[in-house]
Structures are given as structure tokens and as C-alpha cells.
Amino acid sequence: DNGRYKLAGENATDFPKVPQITDSYSIDLSSELLSNAISNTIFSTSTDELRPAMTGIFLKLSTSSCTFVSTDGHRLVKYVRSDISGDEVDHEMILPRKSLNLLKSTLPSEKSSDVKLEFNASNAFFSFDNVKMVCRLIDERYPDYENVIPLDNSNNIVIDKSEVLSSLKRISIYANKTTNQVRFKVSGSEILISAEDLDFSNEANERISCEHEGDDIEIGFNSRFIIEMLNNLDSDEVRLEMSLPNRAGILKPTSGNEKGEEITMLVMPVMLNS
């Protein structure tokens with residue numbers, strides 16, 4: 001009741017000017033689609049500021065689809081919507097992770113809401129309801145992600161997502177805390193998941209059943225990456241595609257995708273100790 005407070009202000013003319021939209025291209029996206037695209041990709045962006053291109057999400061608008069890609073060098077997520085497309089010219093941009101986190105938290109919850117995306121060579125403009133958001137694009141060349149995704153995968157395994165996720169959460173407790181390495185030994189219709197920490201003489205293993213096509217294989221993965229990827233897949237069952245122990249493994253949902261939606265998650269293996 002009897003307080004008095006004094007604050008110093010800044011001159012309003014020093015506030016940054018909002019960039020103007022010039023030479024831009026625009027497209028309308030549903031808020032649900034945009035939210036799903038951000039959720040499915042943002043977790044695998046890099047935090048390494050020395051590689052700025054990988055700290056954001058790559059967005060490509062082509063004549064047939066809209067593709068969102070993120071990678072940190074150890075894993076990669078490619079989210080494709082074939083129900084959204086651009087004009088005759090392909091458009092590419094890299095959107096900063098921080099801006100997309102902010103956008104996701106402010107997107108309208110109504111599924112029918114549309115978000116207008118306008119962009120030019122340097123900025124992207126998002127507008128919906130009474131909100132306008134401007135973010136500066138990352139001016140870097142994005143890695144050639146298509147060449148990293150192996151196409152010839154002779155080993156296909158279908159596993160229950162919740163079963164393998166629960167197993168990995170238990171097994172990873174016994175893994176080396178530096179590498180988080182877990183071993184997948186696939187033989188017949190069984191996977192032996194194991195981990196060991198030689199420094200503390202800790203080890204654990206569990207067997208789970210699976211549907212398996214191909215040769216027996218033994219491969220190592222970082223359990224933290226696999227757990228995070230599985231947590232971001234909505235399918236009851238997932239398909240793990242592999243070729244060789246030193247080639248990337250691919251995770252795909254077997255069901256649960258919306259019409260026109262396709263998601264591919266890639267994870268690099270870790271070298272197994274003999």
C-alpha cells in the first residue's frame with residue numbers, strides 16, 4: 001500500500017526494427033502438421049555451434065512434398081508430408097531450433113487452425129491468429145542427408161515398441177556411462193539385448209522375441225539415442241532395418257502414420273568391443 005518503485009527504461013528508437021517481407025514466397029500449413037513436424041525432428045538437432053547448419057531443422061518444399069530433416073551427426077530424422085507441396089521451384093531453408101521451440105509452444109491447439117509461412121532468402125515469417133513471429137534463417141549449406149540413408153537393408157526386424165523400450169531402459173543402467181553402448185544380437189526370431197561396464201564389472205542382458213528377415217547380425221547402438229527415437233514414434237510396433245554392423249540402422253513405425261505422412265529415423269552404430 002505504501003510502496004514506491006522506480007525503473008530505468010530504454011529509448012524506444014533503439015528497439016530492433018521488425019524485418020519487412022520482401023521478395024517472399026508463402027504457403028499455408030495446418031498448426032497440427034507443423035507441431036507434429038517440429039516434435040518429430042527437433043530432438044535430434046545438434047547443439048554444436050561449430051556446425052551451425054545442424055543446429056536447426058532443414059525444410060524443403062518441392063513440387064510433390066514437404067520434407068523436414070534434423071541431424072546431429074549420430075542420428076538423423078526425416079519427416080515427409082506428401083499432402084503439402086510447393087510450386088515449380090524447390091525451396092530450401094534451415095530454421096533455428098530455438099525459434100521452432102518458441103513457435104511450437106505458441107501454436108494454436110485447434111486442429112483446423114492454419115499457419116501462414118512466408119520466407120525469403122534471410123527470414124521466415126509465421127503468422128496465425130493475432131501472433132506474428134519472425135526468425136532469421138541459418139545461412140549455411142545443409143549436409144547431403146540423402147546419401148547417408150542406406151537403401152539396401154537385407155536385415156528387417158519388427159519388434160514391439162513398448163517391450164524393447166522397457167528392456168532398453170533397464171539394460172542401459174548397466175552400460176558404460178560414456179558410450180551408453182548396448183549390443184543387439186539378432187538370431188532367428190530372438191534379439192539378445194546386452195550391456196556391460198567393465199570399469200565396474202556391471203552387465204545385463206535380456207531376450208525379446210521379434211519377426212526377423214535376413215541373416216543373423218550383431219550390432220551396437222547408443223542406448224540414449226535409441227530410447228529417445230522410440231519415444232518419438234507413435235506406432236505399437238517398429239521396424240528396424242540394418243545391413244552391416246558398421247552401417248546405420250533405420251527405425252520406422254509400422255503403423256500409426258497419418259495419410260501422406262512418412263517418418264524415417266536413422267542411427268549410427270557404435271563399435272563393439274570384441
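Strands here are DSSP runs of at least two residues, numbered from the N terminus. The model is predicted, and residues are numbered from 1 along each chain.

**Stop 1: a charged patch**

Select Glu-211, which sits in strand S13, residues 211-213.

**Stop 2: Lys-60 and Asp-90**

Side chains of opposite charge can pair when their charged atoms come close. Across the whole structure, a search finds 10 salt bridges. For one of them, select Lys-60 and Asp-90, whose closest N and O atoms are 4.0 Å apart.

**Stop 3: Leu-61**

Move along to Leu-61, also in strand S2. Is Leu-61 buried or exposed? Its relative accessible area is 2%, so Leu-61 is buried, the cut-off for that word being under 20%. Show the residues around Leu-61: leaving aside those up to four places away in sequence, Leu-61 touches several residues, among them Tyr-25, Ile-27, Cys-66, Val-89 and Phe-119. The C-alpha atoms of Leu-61 and His-91 are separated by 5.0 Å, although the two residues are 30 residues apart along the chain.

**Stop 4: Arg-81 and its partners**

Next select Arg-81, which is buried, with a relative accessible area of 4%. With which residue does Arg-81 have its closest N and O atoms 2.8 Å apart? The partner in that salt bridge is Asp-83, a partly exposed residue with a relative accessible area of 43%.

The side chains of Arg-81 and Glu-261 meet in a salt bridge at 3.8 Å, N to O. This pair links distant parts of the chain, with Arg-81 in strand S4 and Glu-261 in strand S17 (residues 261-267), 180 residues apart. Glu-261 has a relative accessibility of 14% and counts as buried.

**Stop 5: a network**

Finish with Asp-72, Arg-75 and Glu-228. Salt bridges link these residues in a network.

Conventions. Predicted model: local features only at pLDDT ≥ 70, side-chain atom pairs only at ≥ 80, totals over all residues. Heavy atoms only, no water. Helix = DSSP H or I, 4+ residues; strand = E, 2+ residues; numbered from the N terminus. Buried < 20%, exposed > 50% of the residue type's maximum accessible area, 1.4 Å probe, protein only. Contact = heavy atoms within 4.5 Å.
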